[in-house]
Amino acid sequence: MKNIKLLQTNEIYTLIMLIFYTILAFIFNFKLEKFYQLVLFNFTIIALIIFVSSFSLKYGNSKKYKLFRSLYIVPIVFSIYSQVQVYIPFLNPHLYDSVLIGWDKAIFGVNPTDWIYKFTNPLLTEWLQFAYMTYYFIPIILGVEFILKNKESEFDYLIRNVVLAFYLSYITYLFMPAIGPRFTLHNFASLNLEIPGLFLTDFFRNIVNTGGGVPIGSLHPEQMVNRDCMPSGHTWITIVNMYIAFKCHSKYKYLILFFGLSLIVATIYLRYHYVVDLLVGAFLAIVSLKVEPIFGKSISFITSNFPKKSN
C-alpha cells in the first residue's frame, strides 16, 4: 500500500487560495460590506478541508472515502470563484477593454466578434451555447472516468492541474480586469435578438449571466458583471483538460477535443471574449501545465514530515 498523506496537493492549493482571500479581506475590511461573511465562509471551508483530511489516516484506503474526497473539492473550487471579484475594484479599479479591443484590431484588422457575426445562424448558436456550458462538465467527466477505472495517478494529475489552473486564472483577473465585447462592442440587451438560438440558448445564457454577476432584468448589467475576461479561463481550463485527456489516454479524448474546440470558438462567437483573451489563456494553460509539477514537488517536500500512515 502507498503512504497516505494527510493533505492532498489540490487541498493545499485550495487552502493557499483561501488564505490569500482572507488576507485581502482583512486588508480591505473597512471597505467591505460583507467582511464578516467572507471571513466566516473562508474559515468554514478551511475547517472543512482539515476535517475531511483528518480522516485520511483512518479511512485513507476506503473506496467510499476516496470517492468523496475526490469530488468534494469540486463545489469548493466553483464556490470561491466570485470572491476575487470583491477585491478587483480595490486592487485594480480600471477596465482594460479598450486596450484589448486595440490589440485585437492591431492583430486582425477588425473586431473578431464583428467578423464572425456573418456566420451566425440559430442552429450553430444553439450548439455553441451548449458547448460553452460543457466547461463545467469536461473535467468532471474525465475525473469520473479515471475514478471508475481506478486510475489514481491519472486522477491526481487531473485534479492537481485543473484546480491550480482555476485558482491561477482567478488571480490573473486582477491584472487586466475587463467585461468583454458583449458589453463594450455590442448591445448586451440585443444579444438574444442578434444571435438567437433555437430552444435552450436563452436558458443557458441566463445561467451564464447570473453566474457572472448579472441577474435577469438588471438595469445596468455592465456595472454588475464580473470583470473576468482577461485571460479567458474557459480557454485556459479547456486546453488543460484536452491535454490531460490525450496524455492520460482517456477513451473520451476525441469527444473532449470536439467539445473543447467548440467551446473555445463559442467564446468569440457568443461575444464573451476578445481573441487576445484566448491567446493569453492558451499561453497560460501551457505555463500552468509546466509549473504544476514544480509546485507539486515543492509541496510534497514541505509536507514530507506531515503525519502519514503506511500499510
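Start by selecting helix 10, which gives the nonpolar patch its largest share, four residues. Helices here are DSSP runs of H or I with at least four residues, strands are runs of E with at least two, and both are numbered from the N terminus.

This is a predicted model, in which local features need pLDDT of at least 70, side-chain atom pairs count only at pLDDT 80 or more, and totals for chains, interfaces and linings use all residues. Residues are numbered from 1 along each chain as its sequence is written, and side-chain values use heavy atoms, with hydrogens and water left out.

**The nonpolar patch**

Now select Tyr136, Phe137, Ile140, Ile141, Val144, Leu148, Tyr252, Leu255 and Phe258, which make a nonpolar surface patch of about 820 Å². Areas come from the Shrake-Rupley method with a 1.4 Å probe; for residues, only the protein chains shown count as cover. Helix 10 (138-148) and helix 17 (253-269) each supply at least two residues of the patch.

Keep phenylalanine 137 selected; this residue lies in the loop between helix 9 (122-133) and helix 10. Phenylalanine 137 counts as partly exposed because its relative accessibility is 48%. Buried means under 20% relative accessible area, exposed means over 50%, and partly exposed is in between (1.4 Å probe, protein chains only).

**Histidine 186**

Histidine 186 is buried, with a relative accessible area of 12%. Leaving aside residues up to four places away in sequence, histidine 186 touches Thr113, Asp114, Pro181 and Arg271. Contact means heavy atoms within 4.5 Å.

**Helix 6**

Select residues 83-91, helix 6, and colour its buried residues: Gln83, Val84, Gln85, Tyr87 and Ile88. They pack against helix 1 (9-27), helix 2 (35-54) and helix 11 (152-172).

**The whole protein**

Zoom out to see 18 helices and two strands. The radius of gyration, taken over C-alpha atoms, is 20 Å, close to the 19 Å that the globule rule (2.2 Å times the number of residues to the power 0.38) gives for 311 residues, so the protein is as compact as a globular protein of that length. Of the 311 residues, 49% count as buried.

Notes:
Patch = residues over 30% accessible without salt bridge, like charges linked within 9 Å, V, L, I, M, F, W, Y side chains within 5 Å. Salt bridge = Lys/Arg side-chain N within 4 Å of Asp/Glu carboxyl O.
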